Amino acid sequence: MIQDDLSRDAEARLAAVRDRIARAARVAKRAPADVALIAVSKTHDAAAIRPLLAAGVRDFGENRVQEAQAKWPALREDYPDARLHLIGQLQSNKAGDAVALADAIHSVDRPSLVEALARAIASQRRAPDCFLQVNIGAEPQKGGCAIAELPALLRQARDAGLPVAGLMCIPPAELEPAPYLALCAKLARDHDLKGLSMGMSDDFETAVTLGATYVRVGSALFGARR
């Protein structure tokens, strides 16, 4: 009974989020299918994740390599087509574990991490998609490269053989997100990058109207963080 309630709740939340994505995409004259939904499952256990997997979600986001290692091998036994996105800050000494586990890494933000990921990719012959994280609001407490450092980091990543899929950003929490999301989209266009990982539960509709190709949604799907 409890699992049935969890499944119904997950399906209702998922339907509402997908509807909001579709409406925002139509406003921007985009196809809803061009926006991938990443269910941010950090801090949520397998029992909370399984209903979304059963409902057809295949992209999930985790912050920490250790947490993902504890949850996802068993989940992938039942859902081998699930895709895992690492969206939190990544320590260089965890690059090998990240490459082994993830299908995409959204927080590549410094030369030392590029070097570590390049070594792991070469040794494992496995190459997750990589998004360069930009500190779009120049916030000292946040990860991400400075806007002025993006060209050099992108050049280094490409020279190192990383499959750079696009940019990722997190706008300042207390400010209107649209200008920051628009700036990230412009940076992607300026550097001929197609992927845009931007937009969370509070602003994903705005992100979709501004060109997001991946939105990272947690609380709108799972409820309050545990």
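**Close-up 1. Contacts of Ala55.** Ala55 touches Glu11, Leu14 and Arg18, leaving aside residues up to four places away in sequence; contact means heavy atoms within 4.5 Å. The model is predicted: local features need pLDDT of at least 70 and side-chain atom pairs pLDDT 80 or more, while totals for chains, interfaces and linings use all residues. Residues are numbered from 1 along each chain as its sequence is written, and side-chain values use heavy atoms, with hydrogens and water left out. Ala55 sits in the loop between α2 (46-54) and β2 (59-62). Helices (H or I, at least four residues) and strands (E, at least two) are DSSP runs numbered from the N terminus. Ala55 and Leu14 are 41 residues apart along the chain, and their C-alpha atoms are separated by 8.3 Å. Ala55 counts as partly exposed because its relative accessibility is 25%; buried means under 20% relative accessible area, exposed over 50%, and partly exposed in between (1.4 Å probe, protein chains only).

**Close-up 2. Helix α5.** Helix α5 covers residues 111-124, and its 14 residues should span 20 Å at 1.5 Å a residue, which agrees with the 20 Å between its end C-alpha atoms. The expected span is 1.5 Å times one less than the number of residues. The buried residues of α5 are Leu113, Val114, Ala116, Leu117, Ala118, Ala120 and Ile121. These buried residues pack against α4 (95-101), β4 (104-108) and α6 (150-159). Just after α5, Arg125 has a positive phi of about 55 degrees.

**Close-up 3. The nonpolar cores.** A nonpolar core is a set of buried Ala, Val, Leu, Ile, Met, Phe, Trp, Tyr and Cys residues joined through side-chain atoms within 4.5 Å. The largest has 68 residues, of which Leu162 and Leu167 touch the most other members. Its largest share, seven residues, comes from α5. A second, separate core of five residues includes Ile38, Ala104, Phe131 and Tyr214. Leaving aside residues up to four places away in sequence, the residues that Leu167 touches include Phe131, Val134, Leu150 and Cys184.

**Close-up 4. The largest cavity.** Gln133, Val134, Asn135, Lys142, Gly143 and Ile170 line the largest cavity. On a 1 Å grid over the protein atoms alone, a cavity is a set of points where a 1.4 Å probe fits but cannot get out, and lining residues have an atom within 4 Å of a point. The largest cavity holds about 30 Å³ of space; grid points are joined across faces, edges and corners, and a volume is the space filled by probe spheres set on the points.

Key. 1 Å grid on protein atoms, 1.4 Å probe; cavity = no way out; pocket = protein on both sides within 12 Å on 5 of 7 lines; lining within 4 Å.
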